[in-house]
Amino acid sequence: MLENNDVDQVNENSDYNEDKSDGQPGVGNAANSFGEADRVGTRQPIDYFIAQALAAHPSIQAARQRVQAELDRIPQVTALPDPQFNNTFWPLHDNSIQTASGRVANQMSLQQGVPFPDKLRTKGSIASREAQMAQAEVERIERQITESVRLAYYEVWYATRAIAIIKESRDLVDDLAKVAEARYRSGGTQQDVLRAQLEIDRLDDQIVQLNKQLGMSQADLAALLQQPVSLLPQAVEELGVADAPMQLEGLIAQAEQCNPSLRGLAAEIQRDRQKQRLACLQQYPDFMVGLNWGIVSDNHDVISPVANGNDQLSITFGTTLPIWREKINAGVREASRRASSTQQRLEAERDEIYGRLRRLLVQADSLVEQTNIYENRLIPRTEDTLKLAIADYRGERTDFFTLIETYRELLMFETQLARINATLAGAIAQIDRTVGCPY
């Protein structure tokens, strides 16, 4: 016979699933005990951590500085070359130039180079495209950091959720161990007591492993957030998994518009085309204009008797001679091949993105189907089986081994469902990064 207290405990366990609001064993209490895994840290939704990482991560800050650096190049490359000022003088009086107007004491000149029309504008267009490439790199790093934060956050959520499930299961096994001890004192077998104690030890070992996994995931997330080691980020109770992704065609269309790698390569192609245009413009000459001023003296030591001392003033005009056609043609061929190479890289990147999206969609669809199977079939049926096993064990119609095996199946299904939910969230995060914008 069981003692009254032990019978009450088994009765409570037999009603284990009836008190849960969602009909799943371990879900209600696990949710309530979700805070038991709380440590010194910050419990915030995932959007908070993403915003923190994007605002403080040094890789993003460095990439943004590169964008500004590229923008600062535009006024440099579109400006005219610096003018040149020359001052020629003769330190020895007897060796200076003598003209009919008098002795030339000093000559000054000011020259300004003027590139062929459209060269400066083309250089500015090249710098602008390179700024667009740098901006696409910023967005690529932002998407990468966002994905990393989400994946780390989901691992924190999974570990916390699994710990809560196992702690609740341990409470159940504690109650079953007390029942087994009562039956042993009433003449039952000691093997049930030992099995229950062994199961408790096994659950304690799992909690230790999960705590280690939780600490490692928190460390990864804290590193992405640039937080001190003592501040451990915590996940909220609700995972917030988005709906299943849309069809492949829609994702591909969005990736064409949003993916930063594709947009960066498209800007690089435009940059290479502008470089090709600039290479073609090298066959046209650049110009130079100048102003010369000579200071003339008509003092007593001039040679010419008609010296009037009028200063010399002249205007010069020059041009480059682009006669080395092979050099110019080689530059055009180089720019053309670089543009073609970038186009091929764009096609390769597009194919890789399409393949990645297909794989991720297959994975996400499979995880959604698994979630439905676990939530609607495996877990409810195992709950019912556990109820019957508890009742049969109370009535001494089954052994403790059968009860424990049923309980282990339910624990496995619940933890696997948590793992599936975290994996599905991670797959959606990877889809989000691959597309380049929220779908």
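# Helix packing and selected residues

Helices α3 and α6 are oblique to each other; angles under 35 degrees count as roughly parallel, over 145 as roughly antiparallel, 65 to 115 as roughly perpendicular, and the rest as oblique. Their packing angle is about 45 degrees, and their axes are 8 Å apart. Axes here are lines fitted to C-alpha atoms, for helices over the stretch in contact, with angles from 0 to 180 degrees between N-to-C directions. Helix α3 covers residues 46-56. It brings Phe-49, Gln-52 and Ala-53 to the contact, where they meet Leu-221, Leu-224 and Leu-225 of α6; contact means heavy atoms within 4.5 Å. By class, these residues divide into 5 nonpolar, 1 polar and no charged. Ala, Val, Leu, Ile, Met, Phe, Trp, Tyr, Cys and Pro count as nonpolar, Asp, Glu, Lys and Arg as charged, and the others, Gly among them, as polar.

The model is predicted: local features need pLDDT of at least 70, side-chain atom pairs count only at pLDDT 80 or more, and totals for chains, interfaces and linings use all residues. Residues are numbered from 1 along each chain as its sequence is written, and side-chain values use heavy atoms, with hydrogens and water left out.

Now the whole chain. Its secondary structure comes to 10 helices and 7 strands. These are DSSP runs numbered from the N terminus, with helices as H or I of at least four residues and strands as E of at least two. Of the 439 residues, 41% are buried (under 20% relative accessible area; exposed is over 50%, partly exposed in between; 1.4 Å probe, protein chains only). The accessible surface is about 23,100 Å², and carbon and sulfur atoms hold 52% of that area. The areas come from the Shrake-Rupley method with a 1.4 Å probe; for residues, only the protein chains shown count as cover. Consider the contacts with a separation of 6 or more: residues 24 or more positions apart account for 84% of them.

Return to α6. It runs over residues 190-225. Its 36 residues should span 52 Å at 1.5 Å a residue, and the end C-alpha atoms are 52 Å apart, so the two agree. The expected span is 1.5 Å times one less than the number of residues. After α6 comes Gln-226, with a positive phi near 60 degrees.

Most residues other than glycine have a negative phi. Asp-118 sits in the loop between β4 (102-114) and α5. Its relative accessible area is 23%, so it is partly exposed.

Helix α5 covers residues 119-185 and holds Glu-147. Is this glutamate buried or exposed? Glu-147 is buried, at 9% relative accessible area. Beyond residues up to four places away in sequence, Glu-147 touches Ala-429, Gln-430 and Arg-433.

Next, α9, residues 325-394, where Arg-345 lies. Arg-345 is partly exposed, at 39% relative accessibility. Past its neighbours within four places in sequence, it contacts Leu-265 and Glu-268. Its C-alpha is 10.0 Å from that of Ala-266, 79 residues away along the chain. The C-alpha atoms of Gln-363 and Ile-428 are separated by 9.6 Å and by 65 residues along the chain.

Helix α8, residues 260-281, meets α7, residues 248-258. Their axes come within 6 Å and cross at roughly 50 degrees. This pair is therefore oblique. On the α7 side are Ala-255, Glu-256, Gln-257 and Cys-258; on the α8 side are Pro-260, Leu-262 and Arg-263. This contact has 4 nonpolar, 1 polar and 2 charged residues.

Last, a strand. Thr-88 lies in β2, residues 84-89. It counts as partly exposed, at 38% relative accessibility. Its contacts beyond four places in sequence are Asn-106 and Gln-107. Thr-88 and Gln-107 are 19 residues apart in sequence, yet 4.9 Å apart C-alpha to C-alpha.
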